[in-house]
Amino acid sequence: MHFPRLIRGRWLVLPVAFALVVAACQPGATTPGPGTPGPTPAGTPDATGPVEGGTVTVIGTWGGDEQDAFLAMVAPFEQRTGIDVQYTGTRDINTVLTTGVASGILPDLAGLPGPGQMQQWARDGALVDLSTVLDVGQYESTTAPAFVELGTVDGKIAGVFIKSAIKGLIWYNPNHVTDIPGSWSDVESMAASPSPAGAGWCIGIESGAASGWPGTDWIENILIRQAGPDVYDAWWQGDHPWTSPEVRQAFETYGQAVQNAHGGATAVVSTNFGDAGQPLFTDPPGCLFHHQASFITGFFAEFPQSPQPGTDYDFFVMPDMNDQYAGAVTGAGDLFGMFNDTPQARALMQYLVTAEAQQIWVDRGGALSGNLEVTTYPDDVSSASAAALREANIFRFDGSDLMPEAMNAAFWQAMVDYTQNPGQLDAILERLDGVRTDPATYGGQ
Amino acid sequence: MTGGMTGAGGARDIRTAYLAMLGGPVGAHRWYLGHRFACAAYVVALALFVGSFLLFRERVEAGFGQLWLVALALFIGQLLLDAMAIPRWVALANRSGEQRYTEEDIPWPPLVIAVIAMFAFVLVVPPLLGVLGGVLGQAFGSARIGAQGALVVLVLIGVPTVLVGYIVLTEQALRHFPPRFQTGMRPWLWLFPALAFLFIFLVYPTILTFIRSLQDQSGTTFVGLANYEWFVGSEGALVALRNNMLWLVFFTLMTVGFGLAIAILLDRVRYESAAKTVIFVPMAISFVAAAVIWRFMYDWSIPGTPQTGTVNALLVTLGSPVDMQPIDWVRDQRNMLGLLPLPDLIPGIERLTQVALNNISLIFVGAWMWTGFCMVILSAGLKGISTELLEAARVDGANEWQVFRRIILPLLMPTIAVVSTTMIIFALKTFDIPYAMTAGTLDTQVVALEMWNQFRFNQYGRASAVAVVLLAAIVPVMLINIRRFREQEAMR
């Protein structure tokens, strides 16, 4: 190959030498990459003072409104510190983080799928021990103890809750329901003869790939009230069989509700959980009661009838079903953990647990906070649900979130199957037991 | 040794004289090193090695220790290349007569240049990126956009540079060798990056997957065929296999059948291209988009309320004389064809012999997308049949059905075979539609989705086993397809 003299030879040496000199004079500069950590040059200075500038990468499952809420939550932090928070939303957070833990390419902060996975990753050493990041004393004194405990693995804080929800609330329309039933049997008898409403319950368990999860909430809330926290704990840990009478009774109670549901079983399976509460507000109402967590108020706000909290919708906590286990309540929350210990990530984590940050999301509605210093809520209904969460006698985290992924997915599917075919309860429970006893399911835990 | 002292430029004569003085292999090498550029390149590379080790030791160890070793290997390789080429240069130098060596006969040291480029990339590019990112960040007002912009610039400049540079350097490397060797070696060198990609991202993972499928979940112990045993024994996996068989049969029948029918009916009709475009357009959208569209089309509302799903709306409106109820197409699992009423010999066999309505609904979505593909190919094949043949048949008194069955179909058979095998491969691979519409629940699971689920559950051994099963199912069909395709090409 013949190259003109211009390209050959000497022209290369000088620029290369110059570039080398330039490079040698650089301090350990970090490449401003798009979030995936590349080879970090050694000697990044440790932050001794307040951190200014830089980026934090965050991954969560939120999209749409929830994503806006999170970005609003971190906006003051970004303005104050100049740190750029780069949030990516993905529905497949479990896959992303699992492959990330295996490959080492992880975001700085991430929403964790649940306490079960959090424990796994904390024990693997992938999650940073937050006791070194947060002021532990202050954190523990300002956060509800249940949430502190749920985020702790082997004495180390692995995850913090930045928002929470209480489950097992029964929503109703005060315009149509004036007497709050005091016991579960009252609820059931009201649901059986619901006039003037069309049916007793509004239930919708469709949710795309996660269809069935509202049904799992039903089972959990029924089980903890009927059989108590010990059975509940053994159950989600995989030590209590699905075919046992307690679990079976919980399913049958749910089946009873489906029989009194608006639109029948087919509607229950096909209606999206967010839209399921609509018949509460039609005239005449399609149903009396809607069982759902506290975050459903965000969805209510979007309904065409524009229902107002307090006047058009209110709630009562699902009544006790067994006097032994009075005051039992389930709840859930969004866990956050830290994978990469950088000064910017530490700053963000410290900010996220403050009352100031959590208040922002709470003010937007649809979220509760485990932080005891968050006291103002946008309306009385949210206040009441926050109070119910704080004052619960027996509190347990959402069971299906605590189960391993395989069990969780089978549970969701079982709810859909059972709703469609209540006569096949035995086969469905046996199948669930099959998944439970498969050594691969609970083996890793 | 006379050497070429006849005539040419003064510098060359000095070099030749040099050689004449020293003679032999040593001289040839000195001659090479007499070429200023090559010498400088060697020196620079050496300086880089020593300098990087002394000055940037942390970076060498932390950042690119392996790269450093690769660079060292290339450097030594260059020395070896040069050593091998010495006899040629000696011959060139000692040649008398008109044929002189020229600058072209002296190759650059390509591997040394690659070494310098590697160092430059690692040491120079990050700070340059930082500066560029800063500049762009100022211009656009956001550090993040600045960083992204800097990367874009790097890619735009870097990728062509690397590609062209690779070709140039391989050419230079080849010139160390005799011409016949060059022509044999050149295609392999040019293909090497593509083949390397293919190996790294296709062949190597396949081998690893196969090995992984023989291990347990944590990947530390060999468990033989335990994962395959699980696959055969797991009801969920068998249901997935059954559904793939359903896809195989119905998807292929629908796409090829509809495609053939449409191709023949539209043949030589006035509005042919318009109609074909309409049929073909669904192929332009992604699987997920099609799934979302049909989720809305299949929507179910409580009977008596207005139907928002198009299909149910049509059904209820057109079927109002018989009081037709809307059907939940995606969730209704009624058995469409009471196929194979097998006695319940094996518990649960009933579940495996169902052709559920919701499966057919999903398969129809796939068929809606791919009919256009089959139609286009079959139409092309159809147009390849000479009209004289058809005219002759019609003149002989054959009706249209006979023309189709006796002439068109046999002649179209090879095309149909190729299209069918392609559709079978798609049916076996199907993932997007069940994933987007039902996520595999409600008995619509397919094998690819089962593999995905096992990955979600961290069951890597089982997921690998499912992947291998899928590969084993597809490879024979693929081979048939290739063979048929080759036969078809040969026929042209």
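Biologist: So a residue is buried if 20 or more other C-beta atoms lie within 10 Å of its own. With that in mind, which residues of β7(A) are buried on one side, and which on the other?

Modeller: Keep in mind that this is a predicted model. On one side of β7(A) you have Leu169(A) and Trp171(A), on the other Ile170(A) and Tyr172(A), and all of them are buried, leaving both faces of the strand covered.

Biologist: OK, what sheet is it in? In which order do the four strands come?

Modeller: The order is β8-β9-β7-β10 in chain A, an open sheet with mixed pairing. At the edges are β8 and β10 of chain A, each pairing on one side only. From one strand to the next, the twist averages 30°.

Biologist: Then where does the parallel sense come in?

Modeller: Between β8 (residues 199-202) and β9(A), which pair in parallel over three bridges. Cys202(A) stands opposite His290(A) there.

Biologist: Let's zoom out. How many helices and strands does chain A have?

Modeller: Chain A comes to 18 helices and 12 strands. It has 445 residues, of which 46% count as buried. Looking at contacts between residues at least 6 apart in sequence, 79% join residues at least 24 apart.

Biologist: Which domains does the assignment give for chain A?

Modeller: Domain 1 takes 16-165 + 333-397, and domain 2 takes 180-292 + 404-442. Their centres, taken over C-alpha atoms, are separated by 33 Å.

Biologist: How many residues of the two domains are in contact?

Modeller: Four residues of domain 1 are in contact with five of domain 2. On the domain 1 side, those are one nonpolar, two polar and one charged.

Biologist: Switching topic: where does Gln259(A) lie?

Modeller: In helix α9 of chain A, which spans residues 245-259.

Biologist: Why does Gln259(A) count as partly exposed?

Modeller: Because Gln259(A) has 15 C-beta neighbours inside 10 Å, and partly exposed is what you get between the 12 or fewer of an exposed residue and the 20 or more of a buried one.

Biologist: What separation do Gln259(A) and Glu220(A) have?

Modeller: Their C-alpha atoms are separated by 19 Å, and the two residues are 39 apart along the chain.

Key:
Residues numbered from 1 in each chain as written. Chains lettered and ligands numbered in written order. Predicted model: local features only at pLDDT ≥ 70, side-chain atom pairs only at ≥ 80, totals over all residues. Pairing = 2+ DSSP bridges. Helix = DSSP H or I, 4+ residues; strand = E, 2+ residues; numbered from the N terminus. Domains from an automatic or database assignment. Contact = placed C-beta atoms within 7 Å. Nonpolar A, V, L, I, M, F, W, Y, C, P; charged D, E, K, R; others polar. Axes fitted to C-alpha atoms, helices over the stretch in contact; angles between N-to-C directions.
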